[in-house]
Amino acid sequence: MTIKSIVMMGLFMLGLVIAMVPENTTKPYKLTAEDMLVEVQGAAEMVTSDEVAHWLVSKDPSLQLIDVRTPDEFQKYHLEGAINIPISVILKDENRDYVDQGIKMNVLYSNGTIGSHQAWMILRQLGFENNYVMQGGLNYWFDTIMNPQKPSSTSPDEEFAKYDFRKAASGVFGGGGGAALTAPTQTKADKPKIKRKKKKKAPAGGC
Amino acid sequence: MGPLIPQEIIGQDWNLFIAFIVGIGFGFILEQAGFSSSRKLAGVFYGYDTVVLKVFFGAAVTAMLGLLFFSLFGWIDLSLVYVNPTFLGSAIVGGIVMGIGFIAGGFCPGVSFSAIAIGKIDAMVFLGGIFIGIFMFAEAYPLLESFYMSGNLGALKLSDVLGISGGFLAFLVIIAALGMFWLGDLAEKKFPREEY
Amino acid sequence: MMNTKYMNPYLAGVLLGLVLLMAFFFSGRGLGASGAVKSTVVTVVSTIAPEHAANSPFYSKYIGEGKSPMKSWLVFEIMGVLVGGFLSGALAGRLKLKIEHFPGISANRRLIFAMIGGILFGFGSQLGRGCASGSALTGMAVLSLSGFISMATMFGTAFALAYFFRKNWI
């Protein structure tokens, strides 16, 4: 067989194959199952409602709350400054820039922890950084921040500090009244670091 | 997953080195195929030597297939590969002007370099012409600017315009290329001449 | 198929396509040539007449703080083309300084047309934002509309006008 016929047949057959195969629009998973296991066991993605309250109260500009519930639920009630990206559309291109970025600290929340954590798992497997999950979701938020329980008199001081903070915070968010706000000593010393995302350079070329 | 440098899997500093290596491959193959001879190149327009057709389309469809298959296997992220944008007016007029230059000079810029490398003086003169032509464009730019920037359709792909998939378009181009290869060989039989 | 001292064109086409593919895979971009010449023109003009270059909407895009137009992908690629072409010519014994032309015309006539062709190509490549390797070949490989337009107009025009230039070639 001459080179010419090999090339021509080869091109023809490969052309047939590529014409029939659907275009690859899947976004590949970047993290292996092992990596994911390590990450979920470390639970570094969890943030507490106290921390979120603190960031909201101090108007931390790097915070971005993302409500992953349905638009109806979002309408009925959502946290201040939250945007609504229902989990059903979280992979859509128009939302890509919210969930795949390196500037803000996204805190996903839902009614409990399951919904937001599901969303987190998917985003994390795609290799996106800077997404966190608010532990306990809105249910816990209401229980602790909006209607904090006064600790019993035998509780340690830090419980009282937490209680004071929560009462004050709930005042800010529309719950019962409260006095001056001081950050509870309880919050994590370090805010989660925002991983600077390596900006994918736009392709360059041309003559 | 490629492309490697835009995603910083290899450092940016390698880019120029890779350009150099790619160039060596480019120049070597062109010269090996005979593109260093303007008479061979012009042959495609008269039927006596269709090497231009075979190599040009062969390369285009090979790379086309390569990109699509790489994307299929997840080896390359096509959204990071540069697609040259379409500026309708200037693309058409530019193509026409270059077409005249091609049949008059018998070279195109990339090919002329491989010819210069083996000592073809006509190619060197051609290159001199390119300098002048670019200089003329640069000086006339203020007048041409609005035309140059008109008709910006963005980085449009032909497959999008035709509403077909990239793979299907590649298949169509391959069929066209195969047809041209066949015609090319037919023409060469009809218009024999000695080798340049 | 005639006996030839050149590489089989089908093989050459596939190999060239693979080289182009590697360029995409490593650098995310394809080949080109006119851009390298443009960089040289910009460098020359900005060295000889820096103020004119700075004021011109064309040149000023490529010069400026820390920008060296010669340190571009295309310039390095073209340097490689020269080396590669030379190597191939040396291996095949084709290194020879000469003016190649159809015997039916004079060498001078060939040179005149080469110059005219170059001027047209230089001008056209800037207008068309690329030449045969940059716009047409690379463009087609990525399915760009502009690539197909360039290819069609370039080859179409050349074919259409071939009759008028036939004396130069056959």
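Q: Before anything else, two residues are in contact if their C-beta atoms, placed from the backbone, lie within 7 Å; what share of the contacts in chain B with a separation of 6 or more comes from residues 24 or more positions apart?

A: Such pairs account for 68% of them. Keep in mind that this is a predicted model, where local features need pLDDT of at least 70, side-chain atom pairs count only at pLDDT 80 or more, and totals for chains, interfaces and linings use all residues. Residues are numbered from 1 along each chain as its sequence is written, while chains are lettered from A and ligands numbered from 1 in the order in which they are written.

Q: How many helices and strands does chain B have?

A: Helices (H or I, at least four residues) and strands (E, at least two) are DSSP runs, numbered from the N terminus. Chain B has eight helices and two strands, in the order α-α-α-β-α-α-α-β-α-α.

Q: Where do the domains of chain B fall?

A: The bounds come from an automatic or database domain assignment. Domain 1 of chain B takes 1–79 + 165–196, and domain 2 takes 84–156. Their C-alpha centres lie 20 Å apart. Across the boundary, nine residues of domain 1 of chain B are in contact with 11 of domain 2.

Q: And how many residues of chain B are in contact with chain C?

A: For interfaces in general, size is often given as the accessible area lost when the parts come together. Here we count residues: 113 of chain B are in contact with 108 of chain C. Helix H6 (residues 121–148) of chain B gives the most to chain B's side, with 20 residues.
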